[in-house]
Amino acid sequence: PDQVARIFEFMNRIVAQRGLIRQTEFFLYGKTDRDAVEKCRNLGFKYPEITAWIRAVKKDFELVKQMGIAETGILTSCSDYHIFLKLKKTRRQALDSYKEIVSAALENNIVPRCHLEDITRADVFGFVIPMINELLELSEKSGLKVKIRLCDTMGYGLPYAGSELPRGIPSMLKAILDNTSIKSEEIEWHGHNDFHKVLVNAVCAWIHGACAANGTFLGFGERTGNPPIEGLVFEWMGLTGIHEGIDTTAIKDAAEYLARRRHRIAED
């Protein structure tokens, strides 16, 4: 928990005046995880906001409610590989189960962030867009927004204009924005680095309509890694020309801190 809080401080220090690193995501299942949430919360920072990640299980909302967290991520796989082979369901059964979980979040006044796992192998027009539209119907009825995370789980995304669905990121964002009522501020991108495009794909998603990109310090993350936060920060500064309110020296300090911790672990 102390190490998590230290990293949280670095993220705040990088963009405290601007809120460029807007949110963080915490598991809630173990005491260590919940202690880390409390340590970060006690720092009193506006940014990054603390959010949760839970399984698509109703009882997990009790953890979110107990911790008083306003937004949580929920795994909502969208490719046929995951629906048929992992979940052992039909598309309709999968979507109905997701809607049940999203409804439970909305009933508890919690913003659901739906993680569309494996979207670059999914049927965008046949499943993804109908899924988003049905989730938005629930949002309209409740008065709370539903957020969508586009997860390039296998790193198959392509940033090139004209690259076809489901791999083409420009095509994907255009299809979603043209065929649903979702707003850019409710879309975020989550990429992996299997084919060494993790940063350029995140930036491509930004440019074509995703409001947020997920990242991890130095790119260390699940499996092949996620977009490096420091890369996203510098890329954003390059795109916007805005440097004020961003402390890039905190990136160097964070890198040195992580290197020291990893070295100690290796020695142990």
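A polar contact of 3.1 Å links the side chains of Gln23 and Glu71 in this predicted model. The side chain of Gln23 also makes a polar contact with that of Glu49, again at 3.1 Å. Gln23 belongs to strand S1, which covers residues 23–27. Leaving aside residues up to four places away in sequence, Gln23 touches Pro48, Glu49, Thr51, Glu71, Arg113, Lys147 and Glu188. Between Gln23 and Asn214, the sequence separation is 191 residues, yet the C-alpha to C-alpha distance is 9.1 Å.

One of the residues touched by Gln23 is Pro48. Pro48 sits in the loop between helix H2 (31–41) and strand S2 (49–54). The peptide bond from Tyr47 to Pro48 is cis, and its omega is near -5 degrees. Pro166 is placed in the loop between S5 and H7.

Two non-glycine residues with positive phi were examined next. Lys88 has a phi of about 60 degrees, although it is not a glycine. Lys88 occupies the loop between helix H4 (80–86) and helix H5 (91–107). Its relative accessibility is 63%, so Lys88 counts as exposed. Leu218 likewise has a positive phi of about 60 degrees and is not a glycine. Leu218 lies in the loop between strand S7 (212–213) and H9. With a relative accessible area of 33%, Leu218 is partly exposed.

Attention then turned to His115. This residue is found in strand S4, residues 111–116. His115 counts as buried because its relative accessibility is 3%, and the cut-off for burial is under 20%. The His115 side chain makes a polar contact of 3.5 Å with the side chain of Arg149. Beyond residues up to four places away in sequence, His115 touches Glu25, Trp53, Gly73, Ile74, Leu75, Thr76, Ser77, Arg149 and Cys151.

Helix H7 spans residues 169–179. Its buried residues include Ile169, Pro170, Met172, Leu173, Ala175 and Ile176. In general, an α-helix has 3.6 residues a turn, so residues three or four places apart point the same way. Cover for the buried residues of H7 comes from elements including helix H6 (124–142) and helix H8 (198–207). Strand S5 (147–152) and strand S6 (187–191) are also among the covering elements.

Gly245 lies in the loop between helix H9 (229–240) and helix H10 (249–267). A relative accessible area of 25% makes Gly245 partly exposed. Not counting residues up to four places away in sequence, Gly245 touches Ile14, Val15, Gln17 and Arg18. Gly245 and Asp35 are 210 residues apart along the chain. Their C-alpha atoms are separated by 30 Å.

At the level of the whole fold, the protein chain contains 10 helices and seven strands. The radius of gyration of the protein chain is 18 Å, close to the 18 Å given by the globule rule for 268 residues, so the chain is as compact as a globular protein of that length. The C-alpha trace spans about 50 × 45 × 35 Å along its principal axes. Of the 268 residues, 49% count as buried. Contacts between residues at least 6 apart in sequence were also sorted by separation, and 71% of them join residues at least 24 apart.

The surface and charges complete the description. The accessible surface of the protein chain comes to about 12,800 Å². Carbon and sulfur atoms account for 53% of that surface. The protein chain has 35 positive and 36 negative charges. The mean positions of the two sets are 2 Å apart.

Terms used. Residues numbered from 1 in each chain as written. Predicted model: local features only at pLDDT ≥ 70, side-chain atom pairs only at ≥ 80, totals over all residues. Heavy atoms only, no water. Helix = DSSP H or I, 4+ residues; strand = E, 2+ residues; numbered from the N terminus. Buried < 20%, exposed > 50% of the residue type's maximum accessible area, 1.4 Å probe, protein only. Polar contact = N/O pair within 3.5 Å; in protein donor to acceptor, adjacent residues only side chain to side chain. Contact = heavy atoms within 4.5 Å. Rg over C-alpha atoms; globule rule 2.2 N^0.38 Å. Areas by Shrake-Rupley, 256 points an atom, 1.4 Å probe, with all protein chains shown as cover. Lys, Arg positive; Asp, Glu negative; His and termini not counted. Charge placed at Lys NZ, Arg CZ, Asp CG, Glu CD.
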